[in-house]
Amino acid sequence: MDDSALTDSDDLKFKNRLDLSELQQSVNKIKQEVGKVIVGQKDMVDMLIASLLAKGHSLIEGVPGVAKTITAKLLAKSLSVGFSRIQFTPDLMPSDILGTSVFNLKDSEFEFKKGPIFSNMVLIDEINRAPAKTQAALFEVMEEQQITIDGNKYNLDAPFMVLATQNPIEQEGTYRLPEAQLDRFLFKIDVDYPNLDEEIEIISREHQLKDKVKIDEISSFLTAKQISEYQLLVSKILVEEHLLKYIAQLIVATRSNQFLYLGASPRASIAILKASKAFAAMNGRDFVTPEDIKRAAIPVLHHRVIVTPEREMEGVTSKQIIKQIIETVEIPR
C-alpha cells in the first residue's frame, strides 16, 4: 500500500454535518458562570440548559434550601435576555401574572398593561402555592407562547421559558398541579441534598463571600438572537428511523405496564425527541444516540405517568418503573 495513502487516512477526522462548536462553548460558559456560585447540582444545570435549547419548560422539585431558585436566577443572569420572577401565593390572581386592561381617561379607551409573564425567562417560585385558577392561566402561554385577553391575542418574544419550583414536603396550603399542567413541562427535575464534600465547599464559599452578593459574580453573555439560533440548530440534529421507533416503544410500554394507572401521551414522545437532540448537541454531536434517549426518558416521563394505588402504597415510584421499562425495551442496533 502507498505510504501517502496511509498518511491521508490517518489525517481523516470525523466532522459533524452541523457546526456545534460555538454552541458547545456557550454551554460550557454557562456552566462555568453558574459554577461560580452553585456547588454540584450538575444534573440540574445540564437539564435546565437542555430545556432552554429544546424550547421547553422545567419544573424543579426539592426541599427548601437546595438552590432551586438561585440556580434558575443564575441561569437567567448568564443570558442577556428579559427575566421576571413571580412568587406564587394563595391570593394571586391570573391578572397578576398575565396583565389586565386598564381604562385610560386621557384616550377614553381600555389599555392593556402587560404582566410579568411577558419576558424571555420567567421564574415561578412555589408554583403549587397558587390555586388552580391561577395555575390554569399558564396553560396557553406555556404551550403556544401567546396570551388571549378580552378577545385580543398577544404574542410573547422568543426565546420564552418557564422555570417553576415546588417543595415536595410541605403540602399544607398548597394546590397540587393537575396532570394537564404537569404535561406542559418538558422536564421535572428532582434536586437532592449535596454530599459531604459539596456541603463543606458550600460553607467555605459562603464564609469567604463576606458582604458580596452571589448573583453579582455572574456575567451575562448570551443574547436572545444567539439562543434562537442554537434552538434552530438543535432542531436539525439527526435522528435515525430506528431511534424514532425506540422512543415510540418506550412510550407505548408505559401504557401497557401493569404498575402504571396512566401511561405517557404522544406529547411525551415528542418531549423525549426534543430533549435527546439537546443532549446530543451539548455533547458536540449532530446525531442522537440511544444513550441520549435514555438520559431524557426519566426527567421527561416520571411526572407524566401515574403509579397504580396498590404499588404506590408499597412505596414503588414512577422513576423505578420507568427505569425498569428502559431496561426491558431492547435498544435498536
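What follows is a short chat about reading a few features of this predicted model.

Visitor: Let's start with the sheet. In what order do its strands run, and is the pairing parallel or antiparallel?

Guide: A sheet is read strand by strand. Here 5 strands make an open sheet in the order β3-β6-β9-β1-β10, and the pairing is parallel. The edges are β3 (83–87) and β10, each of which pairs on one side only. From one strand to the next, the twist averages 20 degrees.

Visitor: Which helix packs on that sheet, and which strands are touched?

Guide: That's α3, which touches β1, β6, β9 and β10. Its direction makes about 165 degrees with that of β10.

Visitor: Can we zoom in on one pair of strands? How many bridges join β3 and β6?

Guide: Count 5 bridges between β3 and strand β6 (residues 121–125), in the parallel sense. For a landmark, find S84, which stands opposite V122 in β6.

Visitor: Now helices. Which residues of α13 are buried?

Guide: First, the general idea: an α-helix has 3.6 residues a turn, so residues three or four places apart point the same way. In α13, the buried residues are D292, I293, A296, A297, I298, P299, V300 and L301. The cover over them includes α3, β10 (187–190), α11 (241–255), α12 (266–282) and α15.

Visitor: And how far does α13 reach from its first C-alpha to its last?

Guide: Helix α13 (residues 290–301) has 12 residues and reaches 16 Å, close to the 16 Å expected at 1.5 Å a residue.

Visitor: You mentioned α15. Where does Q320 sit, and why does Q320 count as partly exposed?

Guide: Q320 belongs to helix α15 (residues 318–328). Partly exposed covers the range between under 20% (buried) and over 50% (exposed); Q320 has a relative accessible area of 45%, so it falls in that range. Its C-alpha is separated by 9.3 Å from that of I298, 22 residues apart along the chain.

Visitor: Last one: is the peptide bond from A158 to P159 cis or trans?

Guide: Read omega for that one: the bond is cis, with omega near -5 degrees. You'll find P159 in the loop between β8 (152–155) and β9 (161–166).

Definitions and conventions. Residues are numbered from 1 along each chain as its sequence is written. This is a predicted model: local features need pLDDT of at least 70, side-chain atom pairs count only at pLDDT 80 or more; totals for chains, interfaces and linings use all residues. Side-chain values use heavy atoms; hydrogens and water are left out. Helices (H or I, at least four residues) and strands (E, at least two) are DSSP runs, numbered from the N terminus. Buried means under 20% relative accessible area, exposed over 50%, partly exposed in between (1.4 Å probe, protein chains only). The expected span of a helix is 1.5 Å times one less than its number of residues. Contact means heavy atoms within 4.5 Å. Two strands pair if DSSP finds at least two bridges between them. Axes are lines fitted to C-alpha atoms, for helices over the stretch in contact, and angles run from 0 to 180 degrees between N-to-C directions.
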